Structure formats: structure tokens, C-alpha cells
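Subject: Structure handover

Hello,

Here is the structure you will be working with. Please open it first, then read my notes below.

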Amino acid sequence: MPGPKPLPLELSDHERRVLRGWLRKQTASQALVLRARIVLACAEGLPNAQVADDLGVSRETVRKWRSRFVADRPPGRAG
């Protein structure tokens, strides 16, 4: 039986640039890079289970970061 539908996650161009910047930043922590990867994958419309499998994390981790991003968005977001 499938779980609940994941929260929809759409990114503005600015948010996408910020997240991709975190992936390239040499001094970014591994945790920050992982969160950026999770959010970017979720924004592509992938289900939590697939994101978790692709990135080698738990489904709960994906659910947590998807929810937090939807609720808080990154600092300095436009619009």
C-alpha cells in the first residue's frame, strides 16, 4: 500500500541557483550538499522512495528535508 503523497515542491529560478551553488561550493558541509541534492531531486518530481534509494539515505530523511524546505525555504529567497 503506497504511503501518503509527498508535499509538492517547486523551485523558483533563484532557489534552484542557490541549491546548485551549494553543490559547487568547496567549503560547503557534506550535510548541506546532501540536503541540496535531496531538494533538487524532489523538485524534479521524484517520489521520496526513489530519492532515498538514489542518494543512499532513508525515506524519513527525504521526507524531513522536503517538509523543512517547503515550510522554511532557503534564506534570501526571491519572490
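The crossing of α1 and α2 is left-handed. A crossing gets that label if the near helix is turned anticlockwise from the far one by less than a right angle, and it is right-handed if clockwise. Helices here are DSSP runs (H or I, at least four residues), numbered from the N terminus.

Two notes on the source. This is a predicted model, in which local features need pLDDT of at least 70, side-chain atom pairs count only at pLDDT 80 or more, and totals for chains, interfaces and linings use all residues. Residues are numbered from 1 along each chain as its sequence is written, and side-chain values use heavy atoms, with hydrogens and water left out.

**α1 with α2**

The two helices pack at an angle of about 140°, with axes 8 Å apart. Axes are lines fitted to C-alpha atoms, for helices over the stretch in contact, and angles run from 0 to 180 degrees between N-to-C directions. α1 and α2 are therefore oblique to each other. The scale is: under 35 degrees roughly parallel, over 145 roughly antiparallel, 65 to 115 roughly perpendicular, the rest oblique. Contact means heavy atoms within 4.5 Å. From α1, Arg 16, Leu 19, Arg 20, Trp 22 and Leu 23 take part; among their partners in α2 are Leu 32, Val 33 and Arg 37. By class, this contact has nine nonpolar, no polar and three charged residues. Ala, Val, Leu, Ile, Met, Phe, Trp, Tyr, Cys and Pro count as nonpolar; Asp, Glu, Lys and Arg as charged; the others, Gly among them, as polar.

**α2 with α3**

Helix α3 covers residues 48-55, and its axis lies 10 Å from that of α2, at an angle of about 140°. This crossing is right-handed. Leu 34, Arg 37, Ile 38, Ala 41 and Cys 42 of α2 touch Asn 48, Val 51 and Leu 55 of α3.

**α2 with α4**

Here the angle is about 80° and the axes are 9 Å apart. α2 and α4 are therefore roughly perpendicular to each other. Arg 35, Ile 38, Val 39 and Cys 42 of α2 meet Thr 61, Val 62, Trp 65, Arg 66 and Phe 69 of α4.

**The second largest pocket**

Its volume is about 170 Å³. A pocket is an open set of points on a 1 Å grid over the protein atoms alone, where a 1.4 Å probe fits, with protein on both sides within 12 Å along at least five of seven lines; lining residues have an atom within 4 Å of a point. Grid points are joined across faces, edges and corners, and the volume is the space filled by probe spheres set on them. The lining has 11 residues, with Trp 22, Arg 35, Trp 65, Arg 68 and Phe 69 nearest the centre. α4 gives the largest share, four residues.

Best wishes
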